[in-house]
Structures are given as C-alpha cells and as structure tokens.
Amino acid sequence: MDIRISGTVSESIVDGPGFRYTVFVQGCPHNCPGCHNPQTHDFESGRIVDTDELFRECVDDPLNKGVTFSGGEPFSQAKELYELGKRFKEHGYDIWCYTGWTMKELWKMAESEYYVGKLMSIIDVLVDGRFIEERKTFSLPFRGSENQRLIDMKMTLEENMVITYIL
C-alpha cells in the first residue's frame, strides 16, 4: 500500500522511549505557528513509498524497539498507518503517535471515519493537541507544548475517558 511521507528516522530517541523507527507523514491541516516540522504541511509534497519498504527498513535495524507515527498529521492517512501499524504490532513493536487533534476531536472523527478509530485501536501512546508556540516547553518529555498530553490509549479506550500515560 502506498503512503505519502516526508521522511523516516531510524534509531530515534526523541520520539518516544528507547530506539524507535519514526515515520513522518506528509500533509497537515493544522499549520501550527512555530511547528517543528513545517516542511510536512503541504499535502502534495514529500514522496510516495510502499508501506512494505517502511516495514522492512524498520525491522532490518535490530536496535529499533518501537515505532512512532509523526508528521504532518498521521490521522490524515489513517488507513495507511493502520495497515502498517498492524504489521508492526504483530512484530512486537509498541506504537506512539503524535497528532494535532485532541482526543475529543478524534473520538468525534471516528464516528464517521472508520480508519481513524481503527488507527486509535492499535496505538499504545498518543501525544495529542496542537503545538502552541506560547506554551512551548523543554521540560516535558516527548512534548513540544504544555497543552499536549501523553495518553495511554489501551486504558483510554477501555475506560472511555482520557487516561494519562505515566513514563
């Protein structure tokens, strides 16, 4: 299956705990001022790759223990990331995902967009919320601004309320 990406990073240590394979998808509707990845905003830029290539690239590196979907906006390519993410889960990787949407917005989107809910179901930790430049912080691990949360998705979906992930 094809997916439009901006790029990848193998052995990332800043996109979640441990060595991770990070996929930066291309395209973002949020356009947050001060975004760390503004080159990922344009939905027509980047490159199209086969998800098989991304999967092989990750698993061929024995240091990678987890996968992170970032961007751009991962939920703009929910079907592609769900299909890729299923393979990673079957291979034993945990999945982190960064999104500009809040959990409340994602729940609402999932009512009408099937693959938004499916992608949510395989994510272990969701970092939600738009980057807000005025709330930028270097003191919170794995977040760019204070409004963003680390969400334990398994517990959140079980309890039907946001459960914070504790590092």
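Tutor: Start with a rule for sorting residues. Ala, Val, Leu, Ile, Met, Phe, Trp, Tyr, Cys and Pro count as nonpolar; Asp, Glu, Lys and Arg count as charged; the others, Gly among them, count as polar. Keep in mind that this model is predicted.

Student: How many nonpolar, polar and charged residues are in the lining of the largest pocket?

Tutor: The lining has 15 polar residues, eleven nonpolar ones and five charged ones.

Student: How much space lies in the largest pocket?

Tutor: About 740 Å³. The pocket is lined by 31 residues, and the closest to its centre are His 36, Asn 37, Ser 70, Tyr 98 and Gly 144.

Student: Now the fold. How many helices and strands does the protein chain have?

Tutor: Count five helices and seven strands. Then read them in sequence order: β-β-β-α-β-α-β-α-α-β-β-α.

Student: What is the radius of gyration of the protein chain, and what would a compact globule have?

Tutor: Compare the two values. A compact globule of 167 residues would have a radius near 15 Å, and the protein chain has 15 Å, so the two agree. The span of the C-alpha trace is about 35 × 35 × 35 Å along the principal axes.

Student: What percentage of the residues count as buried?

Tutor: Buried means under 20% relative accessible area, exposed means over 50%, and partly exposed falls in between. In this chain, 46% of the 167 residues count as buried. The accessible surface comes to about 8400 Å², and carbon and sulfur atoms hold 52% of that.

Student: Which share of the contacts joins residues at least 24 apart?

Tutor: Take contacts between residues at least 6 apart in sequence. Of these, 64% join residues at least 24 apart.

Student: Let me try single residues. Is Gln 77 buried or exposed?

Tutor: Gln 77 has a relative accessible area of 9%, so it is buried. Find it in the loop between β4 and α2. Set aside neighbours within four places in sequence, and Gln 77 is in contact with Ile 3, Arg 4, Val 25 and Gln 26.

Student: Where does Thr 102 lie?

Tutor: Look in the loop between β5 (94–98) and α3 (103–110). Thr 102 has 26% relative accessibility, so it counts as partly exposed. Beyond four places in sequence, Thr 102 touches Asp 128 and Gly 129. Now check a distance. Thr 102 and Arg 149 are 47 residues apart along the chain, yet 8.9 Å separates their C-alpha atoms.

Student: Next, the backbone. Which peptide bond is cis?

Tutor: The bond from Gly 71 to Gly 72 is cis, with omega near 15°. Gly 72 sits in the loop between β4 (66–70) and α2 (78–90).

Student: What is the phi of Glu 11?

Tutor: It is positive, about 65°, although Glu 11 is not a glycine. Glu 11 belongs to strand β1 (residues 2–12). Its relative accessible area is 33%, so Glu 11 is partly exposed.

Student: What about the phi of Asn 160?

Tutor: That phi is positive as well, near 60°, and Asn 160 is a residue other than glycine. Asn 160 lies in the segment after α5 (153–159).

Student: Is Asn 160 buried or exposed?

Tutor: Its relative accessible area is 58%, so Asn 160 is exposed. Turn to the structure and find each of these residues yourself.

Definitions and conventions: Residues numbered from 1 in each chain as written. Predicted model: local features only at pLDDT ≥ 70, side-chain atom pairs only at ≥ 80, totals over all residues. Heavy atoms only, no water. 1 Å grid on protein atoms, 1.4 Å probe; cavity = no way out; pocket = protein on both sides within 12 Å on 5 of 7 lines; lining within 4 Å. Points joined across faces, edges and corners; volume = space filled by probe spheres on them. Helix = DSSP H or I, 4+ residues; strand = E, 2+ residues; numbered from the N terminus. Rg over C-alpha atoms; globule rule 2.2 N^0.38 Å. Buried < 20%, exposed > 50% of the residue type's maximum accessible area, 1.4 Å probe, protein only. Contact = heavy atoms within 4.5 Å. Areas by Shrake-Rupley, 256 points an atom, 1.4 Å probe, with all protein chains shown as cover.
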